[in-house]
Amino acid sequence: MDTIDLTYVGRGLHEELAAYIADQQDYYADEGVHVALRDGCAWDDERVRHGVTIGLGRALLTRLADGIRCSGSSPAPA
């Protein structure tokens, strides 16, 4: 079974609750994955941007402020 690190980056209890309920109802297992919920509040912006994130406010704001970059590409023009 594959493991996915699902990161929350805010104090969004509703995101954590939804992930917890999905785990308890075996929704992830039904899809053949194990989901590990991680606290990404102290992570730097680049690490947050490269992960699977719930509560997307911070990840979205960094993309809007810094541009959307693909691996190996240069920053988006201002």
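This is a short tour of the structure, stop by stop, with something to select each time.

**Before you start**

You're looking at a predicted model, where local features need pLDDT of at least 70, side-chain atom pairs count only at pLDDT 80 or more, and totals for chains, interfaces and linings use all residues. Residues are numbered from 1 along each chain as its sequence is written, and side-chain values use heavy atoms, with hydrogens and water left out.

**Stop 1: the whole chain**

Show the protein chain as a cartoon and colour it by pLDDT, the predictor's confidence in each residue, from 0 to 100. The mean for the protein chain is 76, and 69% of its residues reach 70 or more. Now find helix α2 (residues 27–30), which has the highest mean pLDDT of the elements, 92. Helix α4 (residues 57–66) has the lowest, 67.

Next, trace the chain from its start. You'll pass four helices and three strands, in the pattern β-α-α-β-α-β-α. Helices (H or I, at least four residues) and strands (E, at least two) are DSSP runs, numbered from the N terminus.

Of the 78 residues, 27% are buried. Buried means under 20% relative accessible area, exposed over 50%, and partly exposed in between (1.4 Å probe, protein chains only).

**Stop 2: the sheet**

Select β1, β2 and β3. Which order do the strands of the open sheet have? The order is β2-β1-β3, with parallel pairing. β2 and β3 stand at the edges with a single partner strand each, so one side of each has no neighbour in the sheet. On average, neighbouring strands are turned by 35° against each other, direction ignored. Helix α1 packs on this sheet and touches β1, β2 and β3; its direction makes about 115° with that of β3. For angles like these, axes are lines fitted to C-alpha atoms, for helices over the stretch in contact, and angles run from 0 to 180 degrees between N-to-C directions.

Zoom in on the pairings (two strands pair if DSSP finds at least two bridges between them). Seven bridges join β1 to β2, while three join β1 to β3 (residues 52–54). Click on Y8: its bridge partner in β2 is D39, and in β3 Y8 stands opposite I54.

**Stop 3: T7**

Is T7 buried or exposed? This residue of strand β1 counts as buried because its relative accessibility is 3%. Leaving aside neighbours within four places in sequence, T7 is in contact with R38, D39, G40, W43, V52, T53 and I54. Contact here means heavy atoms within 4.5 Å.

**Stop 4: the core**

Now select L6, Y8, A19, A22, Y28, V33, V35 and I54 and show their side chains. Together these eight residues make up the largest nonpolar core. A nonpolar core is a set of buried Ala, Val, Leu, Ile, Met, Phe, Trp, Tyr and Cys residues joined through side-chain atoms within 4.5 Å.

Stay with I54. Beyond its neighbours within four places in sequence, I54 is in contact with L6, T7, Y8, V9, E15, E16, A19 and L37.

**Stop 5**

Go to V33 in strand β2. V33 is buried, with a relative accessible area of 17%. Not counting residues up to four places away in sequence, V33 touches M1, D2, I4 and Y28. Try the distance tool on V33 and T3: their C-alpha atoms are separated by 5.6 Å, though the two are 30 residues apart along the chain.

L37 also lies in strand β2, but this residue counts as partly exposed, at 35% relative accessibility. Its C-alpha atom is 4.9 Å from that of L6, 31 residues apart along the chain. Across the protein chain, residues 24 or more positions apart account for 63% of the contacts with a separation of 6 or more.

**Last stop: D26**

Finish in the loop between α1 and α2, where you'll find D26. Most residues other than glycine have a negative phi. In D26, phi is positive, near 65°. D26 is partly exposed, with a relative accessible area of 43%.
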